Amino acid sequence: MSVNFIEYEPLSTTRTKDGRRMLNRPLILWVDGVRYVVPKGFVTDLSTIPPIFRFLVRFNRVDVAGTLHDRLYQTGEVSRIKADAIWRQVAQSGEASANPFQSWAGWLGIRLGGWKAWRKYRRNKNERGRI
């Protein structure tokens, strides 16, 4: 398992009216030999971890992981299990990474609570396809 940060700098975002963040430049990562691109203009909440797990994970250490994870959930380009595994890999990578305990705790929180967001995005995608 490897993660390479390409064109990686600290995330540059602009706050949107609803409090989420919009990327000012693309985020490009290679995870296990697969290139993932989160485009400029993508809107993310950075890292949504269920409240019971938030005290265990430092958000600034998982913002890159959360941004890519949001993109993977929204597009459905990989399975939910794979998207969650990628979150953990990316959370443990890079200069400002989470420690192994934080990344596993965050991953557990995502596995337990992420189904809501996954289902919402799949439902929205299906409804758009029917129009």
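## Tyrosine 73 and its contacts

In this predicted model, tyrosine 73 touches Arg80, Ala83, Asp84, Ile110, Gly114, Ala117, Trp118, Tyr121 and Arg122, leaving aside residues up to four places away in sequence; contact means heavy atoms within 4.5 Å. Tyrosine 73 belongs to helix α2 (residues 63–75). Helices (H or I, at least four residues) and strands (E, at least two) are DSSP runs, numbered from the N terminus.

With 3% relative accessibility, tyrosine 73 counts as buried (buried: under 20% relative accessible area; exposed: over 50%; partly exposed: in between; 1.4 Å probe, protein chains only). Its C-alpha atom is separated by 9.1 Å from that of glycine 114, 41 residues apart along the chain.

## Arginine 111

Arginine 111 is placed in helix α4 (residues 100–113) and is partly exposed, at a relative accessible area of 24%. Beyond residues up to four places away in sequence, arginine 111 touches Arg80, Ile81 and Asp84. The C-alpha atoms of arginine 111 and aspartate 84 are 6.9 Å apart.

Strands β4 (residues 27–31) and β5 (residues 34–38) run antiparallel and are joined by 5 bridges; two strands pair if DSSP finds at least two bridges between them. Leucine 29 has tyrosine 36 in β5 as its bridge partner. The hairpin has 2 residues between the strands, and aspartate 32 takes a positive phi near 50°.

## Confidence and conventions

The protein averages a pLDDT (the predictor's confidence in each residue, from 0 to 100) of 83, and 78% of the residues score at least 70. Where pLDDT is low, the predicted coordinates should not be read in detail.

Residues are numbered from 1 along each chain as its sequence is written, and side-chain values use heavy atoms, with hydrogens and water left out. Local features need pLDDT of at least 70 and side-chain atom pairs count only at pLDDT 80 or more, whereas totals for chains, interfaces and linings use all residues.
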